[in-house]
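Before this model is used further, I was asked to set down a colleague's reading of it. The note is arranged as numbered points, to be read beside the sequence and the coordinates.

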Amino acid sequence: MWSDCGFVDSLDPHSELLRRNVRQNMSVSVVEGQTYSSAAMLSWNLSAPCRLEAEVLLCQRAAGVDTGGCLEIMGFRKKLANGTWKQNEEGQWEISGEFADVNIHLSLCVMVIIEGLELGPFCPYEISRWRQMLILPFVVLLVCLAVLLCYLLHNRVKPASRWHYGKCVQRARRRHVVLLSPPDTVEAVANLMCELGSLLGDRGLSVSVDLWSRADQCSLGPLPWLHSQLLRLDSRVVLVLTRAACLRAEEWTQRCRGQTQAAGASPLSSPYADVFSAALCCIQADQKVGRAGERFLLVNFESCQVQGPCPEAGLPTPLQGLPLFQLPSQTPALLSELTAGRQW
């Protein structure tokens with residue numbers, strides 16, 4: 001009956017101890033399921049250190065039967081054959097089977113018989129009931145703690161709630177500002193943009209700087225990244241104006257009109273210049289409905305005059321009509337525009 005275990009016919013006095021070890025290391029799992037014809041079935045899986053000659057039977061737990069007892073249902077006993085065992089990665093031998101066309105409402109279980117010794121019963125609902133018994137007190141404890149915490153917070157926060165209300169609402173509705181660098185940004189302009197972004201952040205604004213979001217632009221793409229920023233509630237876009245930005249805008253305008261690239265225009269070396277082009281597309285769309293100035297504005301760093309910008313009268317078409325601020329002399333006006341400007 002202990003086929004392939006290596007100690008079946010051994011006269012070793014420890015043979016019984018080895019048999020007991022095999023029984024202790026044997027496991028049986030039972031799961032309720034359905035056949036392909038939607039009939040109820042009870043699937044079982046048995047694993048042991050070696051292949052065993054055993055029998056598996058279907059039984060039912062009923063009222064009046066002790067906890068460890070189970071009444072066999074006739075006609076469902078199966079013998080385990082050596083040829084159907086399979087060895088898993090852990091070195092254990094496994095065999096599976098099922099009892100089909102059964103009534104799962106009868107508290108069905110599975111028992112294993114080895115050399116007349118009955119092992120089990122093994123039931124599909126025992127584990128789930130055990131887990132439910134553990135989870136229920138835990139859930140009740142969490143609910144009680146949550147109620148207690150809400151009560152304590154309510155009493156603590158209530159005296160200061162009026163004072164915090166306006167500030168919380170202001171933070172929840174704070175404006176989002178996107179700082180876009182010009183094409184081929186030099187180090188001096190990049191440093192000034194970082195300083196401007198930090199200043200706006202200190203004033204309570206939500207700030208995104210394209211120079212800080214290179215990884216997102218590479219993963220999403222320049223145009224989707226810019227659209228994701230513009231979709232945020234009450235967003236404003238600040239474009240840094242330089243001579244390179246004016247040339248890029250003029251070149252973009254000519255391309256939109258079907259003309260060839262302007263003579264003498266140098267190709268852009270920065271792979272992120274498409275973010276600037278995407279902004280020009282959005283500006284053009286807003287200009288058609290007369291709202292470009294509500295969402296886009298220009299800034300020029302006075303300390304970088306060597307970089308430009310173009311004269312205001314010579315601004316390319318997409319940039320004409322947008323608010324222009326000279327920094328740092330007009331920094332207070334810029335902050336006022338971003339913090340107290342019209343919300344739409």
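The points below begin with overall confidence and then turn to particular strands and residues.

1. The structure is a predicted model. Its mean pLDDT is 79, and 77% of the residues reach 70 or more. Residues 160-172 have a pLDDT below 50, and apart from near neighbours in sequence this stretch has zero contacts in the model. Residues 260-272 also stay under 50, but the model gives this stretch 17 contacts beyond four places in sequence. Where pLDDT is low, predicted coordinates should not be read in detail.

2. Overall content. The protein contains ten helices and 14 strands. Of its 344 residues, 37% count as buried. Among contacts with a separation of 6 or more, 70% are between residues 24 or more positions apart.

3. The four-stranded sheet. Which order do the strands of the open four-stranded sheet take? The order is β1-β2-β7-β6, and the pairing is antiparallel. At the edges stand β1 (27-34) and β6 (86-87); each has a single partner strand, so one side of each is left without a neighbour in the sheet.

4. Strand β7 and its partners. Strand β7 covers residues 93-100 and pairs with β6 in the antiparallel sense over two bridges. On that side, Lys-86 has Glu-94 of β7 as its bridge partner. Strand β2 (residues 40-48) is joined to β7 by eight bridges, again antiparallel. In β7, Ile-95 stands opposite Leu-46. The hairpin formed by β6 and β7 has five residues between the strands, and Gly-91 in the turn has a positive phi of about 90°.

5. The two faces of β7. Which residues make up the covered face of β7? They are Trp-93, Ile-95, Gly-97 and Phe-99, while Glu-94, Ser-96, Glu-98 and Ala-100 form the uncovered face. Trp-93 also takes part in a charge-ring arrangement: the charged end of Arg-51 sits over its ring, 4.7 Å from the centre.

6. The aromatic pair. A pair of aromatic rings is described by the distance of the centres and the angle of the planes. The count here comes to one aromatic pair. The ring centres of Phe-76 and Phe-99 are 6.1 Å apart and the planes stand at 80°; because an angle over 60 degrees counts as edge-to-face, this pair is edge-to-face. Phe-76 lies in the loop between β4 (71-72) and β5 (78-79), and Phe-99 in strand β7, so the pair ties together parts that are 23 residues apart in sequence. Phe-76 counts as partly exposed at 22% relative accessibility, whereas Phe-99 counts as buried at 1%.

7. Val-110 belongs to strand β8 (residues 108-114). Is Val-110 buried or exposed? Its relative accessible area is 1%, so Val-110 is buried. Beyond neighbours within four places in sequence, Val-110 is in contact with several residues, including Val-30, Leu-42, Trp-44, Val-56 and Phe-99. The contacts of Val-110 also include Leu-57, Cys-59, Pro-121 and Phe-122. From Val-110 to Pro-124, 14 residues apart in sequence, the C-alpha to C-alpha separation is 8.9 Å.

8. Arg-175 is found in the loop between α3 (161-172) and β10 (176-180). Why does Arg-175 count as buried? Its relative accessibility is 4%, and the cut-off for buried is under 20%. The side chain of Arg-175 makes a polar contact with the side chain of Asp-234 at 3.0 Å. The side chain of Arg-175 also reaches the backbone oxygen of Glu-337, at 3.4 Å.

9. Leu-199 and a distance across the sequence. Leu-199 is placed in helix α4 (residues 187-202). With 27% relative accessibility, Leu-199 counts as partly exposed. Leu-199 and Leu-335 are 136 residues apart along the chain, and their C-alpha atoms are separated by 9.3 Å.

Technical notes. Residues are numbered from 1 along each chain as its sequence is written. Side-chain values use heavy atoms; hydrogens and water are left out. Buried means under 20% relative accessible area, exposed over 50%, partly exposed in between (1.4 Å probe, protein chains only). A polar contact is a pair of N or O atoms within 3.5 Å; within protein, one must be able to donate a hydrogen and the other to accept it, and residues adjacent in sequence count only if both atoms are side-chain atoms. Two strands pair if DSSP finds at least two bridges between them. pLDDT is the predictor's confidence in each residue, from 0 to 100. Contact means heavy atoms within 4.5 Å. Rings of Phe, Tyr and Trp (its six-membered ring) pair if their centres lie within 6.5 Å; planes under 30 degrees apart count as stacked, over 60 as edge-to-face and the rest as tilted. A charge sits over a ring if NZ of Lys or CZ of Arg is within 6 Å of the ring centre and within 35 degrees of the ring normal.
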